[in-house]
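Subject: Structure handover

Hello,

I am passing this structure on to you. Please open it first, then read the notes below it.

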Amino acid sequence: MAGAKKKPGVVPPDGGWGWMIVAGCFIVTVCTRAVTRCISIFFVEFQMHFAHDYSRTAWIHSLVDCTTMLCAPLGSLIGNRLSCRIAVILGGFLASTGLVLSSFATSLEYLYLTLGVLTGVGFALCYTPAIAMVGTYFCERKALAYGIAMSGSGIGTFVLAPVVQLLIDHYSWRGALLILGGFVSNLCVCGALLRPIRLKEEEPSSPLKADAECGYGAGVTDGGSPQGALVSSKDREHSCFCFQSLQEYSFLLIPDFLMLAASFLFLANGCSVPFVYLVPYALSMGVSHQQAAFLMSILGVIDIMGNITFGWLTDRRCLKKYRNVCYMVAVGMEGLCCLFIPLLRSFPLLVPFSVLYGYFDGAYVALIPVVTSDVVGTAYLSSALGVVYFLHAIPYLISPPIGGWLVDQTGSYTATFFLSGFSLIASSLLLSTMAVIRRCQRTRTYATNADPKLDTCQSSHTYKASHEEPKLAGNTSSS
């Protein structure tokens, strides 16, 4: 009877309701990442109204980004324990409340708390669960699905940047924040679209399957633990919960993930600076407010092309096994763009920068979940994304204020953009080193007894199964 109560799992449908999940994730990225980018348009308004320097004003944007990434594991935890639907609806309520309260700000410290912390926590609860849901519904077309979903960041920036500037001109920055608060409340609607799915375990030796009776692995049961379970003591439940928690983060022992995580630290240190200082830099070069906001719009719409084209290309059979290489190229080219921006001193010259930077930014953003999934597997994707975005937190927190401090000390933006560019290039070089090492290891393994034609949708699961099977066999025998 206990076995009859377990609902059968399904393979990722690669379509169907999955496209509604993609649409929901698309709106989530619009309301989280695009709105975060548009906060830089308020930069000059905040600086003039509260009469503070660059570094203190930059803390607002830093806190939004930092809190969003720092609380990403919290979003994964709520999504895994309760549901992604509950996490996104709760996050939408918190983010909307934070923006509405920010419209009544009387000091920068007030904005640190409401716009920086409260809104950031709301974004964190929405962002990671929504992205993880896309990975559970797609396998063969995963990169394309993520490309469409993550393009919401670029489309949102393209539309919201001039709209936010227009709102500031007509209703002041207070009215603009109030209207943004109402707009962000649509996250609650997006959360309702995130219908859970139970995935079928395809590997008989999968570590998650051994823990299926704890309610983890194939899916979540309605009653938590099976009613027909032979052991129901509190000690057993506690040990089961602890083992489940350890299983969720066992991917931290994978060397490839550790190297990927290290590269994300450099990536996060460099990628946020241009979004914060592009508009102030353009204004310092004599560009009008509308043209400066239009640069963000250009960056946003080209970002869309990077999301979708790179997602589509890396799903092709000829490029599917080179996703890491495509990701490294995108990050490295983005770093080169930052190195050239101090030479661009007029609006016509800044337009090519927005085009190139926006394209490669969209390319690598769409590939972050895909590359992470290729390393850890779909079953661990939600928890892994929580860790990945958590690693972005501290760089997001300190890099804009450091950039503002460099502007205050040097009187120019050159050092700030150089810091951003070299950080992005370092991230790409670190991954290149990892790729060379793994290439040598695979060549040695294939020469002995490995199958080089292993399907990419199964490779990460097989990797974990082969490494975890002895440990699980030991646990089974001991119990």
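Asp361 and Arg37 form a salt bridge, with their closest N and O atoms 2.7 Å apart. The term salt bridge is used for a side-chain nitrogen of Lys or Arg within 4 Å of a carboxyl oxygen of Asp or Glu. This pair joins distant parts of the chain, since Asp361 is in helix H14 (residues 347-376) and Arg37 is in helix H2, 324 residues apart. Helices are DSSP runs of H or I with at least four residues, and they are numbered from the N terminus.

Before going on, note that this is a predicted model: local features need pLDDT of at least 70 and side-chain atom pairs count only at pLDDT 80 or more, while totals for chains, interfaces and linings use all residues. Residues are numbered from 1 along each chain as its sequence is written, and side-chain values use heavy atoms, with hydrogens and water left out.

Are the two partners buried or exposed? Asp361 is buried, at a relative accessible area of 1%, and Arg37 is buried too, at 9%. Buried stands for under 20% relative accessible area, exposed for over 50%, and partly exposed for what is in between (1.4 Å probe, protein chains only).

By the salt-bridge rule, the count is four. One of them is between Asp65 and Arg33, where the closest N and O atoms are 2.9 Å apart. Asp65 belongs to helix H4 (residues 54-70) and Arg33 to helix H2 (residues 18-38), so this pair ties together parts that are 32 residues apart in sequence. Both Asp65 and Arg33 are buried.

Arg323 and Asp374 also form a salt bridge, with 3.0 Å between the closest N and O atoms. Arg323 is in helix H13 (residues 323-340) and Asp374 in helix H14, so the pair ties together parts 51 residues apart in sequence. Arg323 is buried, with a relative accessible area of 3%, whereas Asp374 is partly exposed, with 23%.

Next, the aromatic rings. The structure holds 19 aromatic pairs. Rings of Phe, Tyr and Trp (its six-membered ring) pair if their centres lie within 6.5 Å; planes under 30 degrees apart count as stacked, over 60 as edge-to-face, and the rest as tilted. For Tyr127 and Tyr389 the ring centres are 5.1 Å apart and the planes are at 55 degrees, so this pair is tilted. Tyr127 is in helix H7 (residues 108-137) and Tyr389 in helix H15 (residues 381-391), 262 residues apart. Both Tyr127 and Tyr389 are buried. Phe251 and Phe257 have ring centres 5.0 Å apart and planes at 85 degrees, so they are edge-to-face. Ring pairs also join Phe43, Tyr277, Tyr281, Tyr413 and Phe417 into a cluster.

Tyr127 has a charge over its ring as well: the charged end of Arg33 sits there, 5.8 Å from the ring centre. In the same terms, the charged end of Arg195 sits over the ring of Trp17, 4.4 Å from its centre. A charge sits over a ring if NZ of Lys or CZ of Arg is within 6 Å of the ring centre and within 35 degrees of the ring normal.

Last, Ser76. Ser76 is in helix H5 (residues 72-81) and is buried, with a relative accessible area of 1%. Apart from neighbours within four places in sequence, Ser76 is in contact (heavy atoms within 4.5 Å) with Thr128, Ser382, Ser383 and Gly386.

Regards

How values were computed. Helix = DSSP H or I, 4+ residues; strand = E, 2+ residues; numbered from the N terminus.
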